[in-house]
Amino acid sequence: MDLIRNHILSILIFLPIAAGIALVIVPRRYAVFIRWFAFISGLVAFALSILLFLWFRSNMAGWQFEEFAPWIRVLPRVVEGETRYAINYHLGIDGISLFLIMLTTFLTPVAILASWRGITERAREFYVALLLLEGAMIGVFSSLDLILFYVFWDAMLIPMYFIIGVWGYENRIYASIKFFIYTLVGSLLMLAAIIYLGLQNPAGLTFDLTELVAADIARSVQYWLFLAFGLAFAIKVPVFPLHTWLPDAHTEAPTAGSVILAGILLKMGAYGFLRFCLPLFPEASVHFAPLMIVLGVIGIIYGALVAYSQPDIKRLVAYSSVSHLGFVVLGIFALNIQGIQGALLIMIAHGLSTGALFLIVGMMYERRHTRLMSDYGGVWRRMPFFGAFFIIAALASLGLPGLANFPGEFLVILGTFAAANWVYALLAASGVVFAAIYILWLYGNVMQGPVEKPEVEAMRDLSVREAFVLAPVVIFIVLLGVFPGVVLDRTAVSSEAILEQVRPDESRTSLGRGAWAIEVRGIGTHALRPKTDSPQPVPHFLVEGGEEQ
């Protein structure tokens, strides 16, 4: 067990990669074995991520489960009495990485199981691509060496390119090339910035994040490096106006591709801002925060309004992602604990709720072979069990209290109100209203009303397999909405550490254990007080004029 614990991150990365490579030698005629092997491999990775969760120490600052080994032995240096090289195999996680890895290992077997009926041609290659993609995504969330991070960052493009381009729909080639070019252009700029950052390190050439965060980078240089890193991450989120690749990729990707794209890949951009931009370029992050807040608000409103105008169900859900990820950008660049922890909650909640919506759209497409809302109507009458899953996912997406999206959106709006002009918070809150409009419009057109089309009359309710696909996702949607503290407790120390690097002169309190302690500056006397039995110190709440209450 100690061996697994000491190398659990490497096992999580290379287990799905090894499983994918092993599938290559299995003859295609063993289709049932291939499906089960891929699914069980995904379940094993998820089981390991549960061990990661159980072993994680939520009150411990710094990196956990670290693994370090020399990789490319060039330009050796002596650091703390040991020889270090410029490029190393360095892994480690904090609370932020923990839940993104768990989301990855959870959604991958769900996506595999959802594809058992829809993917019949070149099924072996499809599951190979999914497993290789899983390993690369976990590598992104675990890497503490910037070159290693970049290798995994670019490696994940290749399987996703083929998933969209080979198993997608009519315009799959156009969508896959657009996805690849957008992401690769941003990646190349980031690579140039990584190389420059490593070369300019005063202690010698290194790409180790733990060393680079301590480097004193001139403000003017930070601006350029932030833009180079930020462009790559903004494309991946995507931030308005760099979002145009996303609706095409979502619409043309197979169901599993859309689930992974929405559930995990989009979060990598937000993760990049938190992991690299804020701690490496703190002054630039503060400088560009107002711009990012404006772009986040525009994304929230623009994505919601365009989603409402879509006749294609899948394209509507794709544009809803632009709106939801706008909340994530807004929360990160509010640069306070409420905003960052709210953004983390939304990242996980969006992966669950939007992933469920894409699964639901895929199940309808398998029965009706169309994604147009006008081709449906009255589906609930024929598929009541399906309708129950649909309504929970839809209500979660619009931010209903008690479901996954609400706690994160509430905290982001609260953090925006505390950090920026109240107008931005009001505009962001309007996005929740717009979400209710387009989600209820979607649900009403598809599920309610009389059955007027014979094809709808012939639709059958969920199979046992489809119920097993949707049930765990919906269960986690409810659990996250009711118990957000499970995430807040384990991301509190990591969030505080990031803010300490950006704004070390400001005191903060986390939203973790101790309940909902919130620091509010300049907006009056209303604040939520922590529980009296909280193990955390009770903060001072500042009101206008700087008087303590």
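## Close-up views of helices and loops

View 1. Pro241 lies in the loop between H10 and H11. Pro238 is found in that loop between H10 and H11 too. The model shown here is predicted: local features need pLDDT of at least 70, side-chain atom pairs count only at pLDDT 80 or more, and totals for chains, interfaces and linings use all residues. Residues are numbered from 1 along each chain as its sequence is written, and side-chain values use heavy atoms, without hydrogens and water. Helices are DSSP runs (H or I, at least four residues), numbered from the N terminus. The bond from Phe240 to Pro241 is cis, with omega near 5°, and a cis peptide bond also joins Val237 and Pro238, where omega is about -5°. Most peptide bonds are trans.

**View 2. Helix H13 and its bend.** H13 covers residues 282-308; its 27 residues should span 39 Å at 1.5 Å a residue, and its end C-alpha atoms are 37 Å apart, which agrees. The expected span is 1.5 Å times one less than the number of residues. H13 bends by about 45° at Phe288, and Pro290 follows within four residues. This bend is the angle between axes fitted to the seven residues ending there and the seven starting there.

**View 3. Where H10 meets H13.** Helix H10 (residues 219-236) packs against H13 at an angle of about 70°, with the axes 8 Å apart. Axes are lines fitted to C-alpha atoms over the stretch in contact, and angles run from 0 to 180 degrees between N-to-C directions. That makes H10 roughly perpendicular to H13 (angles under 35 degrees count as roughly parallel, over 145 as roughly antiparallel, 65 to 115 as roughly perpendicular and the rest as oblique). Contact means heavy atoms within 4.5 Å; among the residues that meet are Tyr223 and Phe226 in H10 and Pro282 and His287 in H13.

**View 4. Where H14 meets H18.** The axes of helix H14 (residues 313-333) and helix H18 (residues 405-419) come within 9 Å and cross at roughly 45°. H14 and H18 are therefore oblique to each other. On the H14 side, the contact is made by His324, Phe327, Leu330 and Gly331; H18 brings Asn405, Glu409, Val412, Ile413 and Thr416.

**View 5. A positive phi at Leu335.** Which loop holds Leu335? Leu335 sits in the loop between H14 and helix H15 (337-368). Phi of Leu335 is near 55°, a positive value in a residue other than glycine. Most residues other than glycine have a negative phi.

Methods
Helices (H or I, at least four residues) and strands (E, at least two) are DSSP runs, numbered from the N terminus.
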